Each structure stands twice: as structure tokens, then as C-alpha cells.
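Reader: I would like to go through this model and ask what stands behind each label.
Author: Go ahead; each label will be set against its cut-off.

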Amino acid sequence: MEGEVSAGSYQWSFQWKFRQGRLVVHPSLGRALIFEPLGRFLERCDYQLEPGGDYEFTVRAKL
């Protein structure tokens with residue numbers, strides 16, 4: 001699965017390879033903000049996601 005994620009002024013593209021349990025996020029700038037929450041979301045909801053769907057979720061972090 002491929003998609004895009006944005007938070008504030010950051011924007012990333014990602015690839016989720018469920019069978020391999022692998023998440024790839026580009027670019028590296030600010031990746032630490034989204035990598036873990038996005039990975040947890042994808043692991044928990046992968047079977048519910050449909051191609052072409054639009055999904056939103058909130059990430060809260062202390063920097």
C-alpha cells in the first residue's frame with residue numbers, strides 16, 4: 001500500500017508492506033514524528049483499509 005501523510009508543514013510519502021511488516025517513509029526530515037504512530041495504525045487497521053480511500057488520524061507529540 002502506498003500513501004501520503006501530512007502534519008503541519010511536513011509531508012511524507014509511505015509504503016506499507018504488510019506481509020513483510022515493513023514501513024518505508026520518505027523524506028527523512030521529521031520522519032520520527034510519524035513513523036511509530038503510522039506503523040501502529042497500519043498494523044491495527046490494515047485489514048479495514050480500502051484502495052483509493054482517504055484516511056485521517058491525529059498525531060500528538062512532545063518535542
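**Strands, core and rings**

Author: Gln 15 stands opposite Val 24 in β3. This is a predicted model, in which local features need pLDDT of at least 70, side-chain atom pairs count only at pLDDT 80 or more, and totals for chains, interfaces and linings use all residues. Residues are numbered from 1 along each chain as its sequence is written, and side-chain values use heavy atoms, with hydrogens and water left out.

Reader: What makes a stretch a helix or a strand, and how many of them are in the chain?
Author: Helices (H or I, at least four residues) and strands (E, at least two) are DSSP runs, numbered from the N terminus. The chain has 1 helix and 3 strands, in the pattern β-β-β-α along the sequence.

Reader: Why are β1 and β2 called paired?
Author: Two strands pair if DSSP finds at least two bridges between them. β1 and strand β2 (residues 10–17) have 6 bridges in the antiparallel sense, so they meet the definition. Among the facing residues, Ser 6 stands opposite Gln 11 in β2, and the bridge partner of Glu 4 is Ser 13.

Reader: How do you know that β2 and β3 pair?
Author: By the bridge count again: β2 and β3 have 5 bridges, also antiparallel.

Reader: Why do β1 and β3 count as edges?
Author: The 3 strands form an open sheet in the order β1-β2-β3, with antiparallel pairing. β1 (2–7) and β3 (22–26) each have a single partner strand, so one side of each has no neighbour in the sheet. Neighbouring strands are turned by 30 degrees against each other on average, direction ignored. Axes are lines fitted to C-alpha atoms, for helices over the stretch in contact, and angles run from 0 to 180 degrees between N-to-C directions.

Reader: Where does helix α1 lie?
Author: Helix α1 (residues 31–45) lies across β1, β2 and β3, and runs at about 145 degrees to β3.

Reader: Which residues take a positive phi in the hairpins?
Author: Most residues other than glycine have a negative phi, and most peptide bonds are trans. Gly 8 has a positive phi near 60 degrees, in the hairpin of β1 and β2 with 2 residues between the strands. In the hairpin of β2 and β3, with 4 residues between the strands, Gly 21 has a positive phi near 65 degrees.

Reader: Which peptide bond is cis?
Author: The bond from His 26 to Pro 27 is cis, with omega near -5 degrees. Pro 27 lies in the loop between β3 and α1.

Reader: What makes a set of residues a nonpolar core?
Author: A nonpolar core is a set of buried Ala, Val, Leu, Ile, Met, Phe, Trp, Tyr and Cys residues joined through side-chain atoms within 4.5 Å. The largest here has 11 residues, including Val 5, Trp 12, Leu 23 and Phe 41. β2, β3 and α1 each give two or more residues to this core, and the largest share, 5 residues, comes from α1.

Reader: How do you know that the rings of Tyr 10 and Trp 12 are stacked?
Author: Rings of Phe, Tyr and Trp (its six-membered ring) pair if their centres lie within 6.5 Å; planes under 30 degrees apart count as stacked, over 60 as edge-to-face and the rest as tilted. The search of the whole structure finds 1 aromatic pair. In this pair, Tyr 10 and Trp 12 are 5.6 Å apart centre to centre, with 10 degrees between the planes, so the pair is stacked.

Conventions:
Contact = heavy atoms within 4.5 Å. Buried < 20%, exposed > 50% of the residue type's maximum accessible area, 1.4 Å probe, protein only.
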